[in-house]
Amino acid sequence: MLITHDTRCALDTVVDLVNTVPEDETAADGLSDIADLEEFVRNHEISDVGMLSESDLAAVRTIRGRFAGIFAAPDARSAAGLINELVAAAGTTPRLTDHDGYDWHVHYFAPGASVADHLAADCGMALAFFVVAGEEERLRRCEAPDCRHAFVDLSRNRSRRYCDSRTCGNRLHVAAYRARRKEAAAR
């Protein structure tokens, strides 16, 4: 599957957006205020965004929940329906652009769109490409029981199980190793 630079950026953005949701009651929301949203926009180099407001924050949190639903969709038809709703509500307006030193690429959001519509359109279309290619199973959640972060499995054989093999994967492997050693010592 060919993934263009702008599609990869949109995938990274949607994964990071979904992962701003607190994992439990003790964790902080990654989008707790406008400053967090401004930092998110800056870190992901989201273009054509003006001054952000409380209504922008609320709208981005709403689409964040809708994106999370796509990662939890049980099948392609469900994912497609969620993506269609999200992209349609954003009022997509595909247009070619070459800005900020990037070669020609497609933006799906209308000029002057809100940050939520921008994210819904561009990130929704990036996820749509996976459904079209029959690769929606690559939109996953970490299998570590205490994590559940979203990620896109871009491994060749679709075998990635953890959002980060150096943390979640390694932690589970070490725990399994220790359990085996403890069991062997008890014999």
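Lys and Arg count here as positive and Asp and Glu as negative, with His and the chain ends not counted; the place of a charge is taken as NZ of Lys, CZ of Arg, CG of Asp or CD of Glu. On this basis the protein chain has 22 positive and 30 negative side chains, and the centres of the two sets lie 13 Å apart.

## Basis of the model

This is a predicted model, in which local features need pLDDT of at least 70 and side-chain atom pairs count only at pLDDT 80 or more, while totals for chains, interfaces and linings use all residues. Residues are numbered from 1 along each chain as its sequence is written, and side-chain values use heavy atoms, leaving out hydrogens and water.

## Overall architecture

The protein chain contains six helices and four strands, taken as DSSP runs numbered from the N terminus (helices: H or I, at least four residues; strands: E, at least two). Their order from the N terminus is α-α-α-α-β-β-α-β-β-α. The C-alpha trace spans about 70 × 35 × 35 Å along its principal axes.

Of the 187 residues, 36% count as buried (under 20% relative accessible area, with exposed over 50% and partly exposed in between; 1.4 Å probe, protein chains only).

## Helix α4

Ala79, Ile83, Leu86, Val87 and Ala90 of α4 are buried. Seen down the helix axis, these buried residues fall within an arc of 90°, so they line one face of α4; the arc is that of the directions from the axis to the C-beta atoms. They pack against α3 (54-71) and α5 (115-132), contact meaning heavy atoms within 4.5 Å. The face of α4 turned away from the buried side carries the exposed residues Arg77, Asn84, Ala88 and Ala89.
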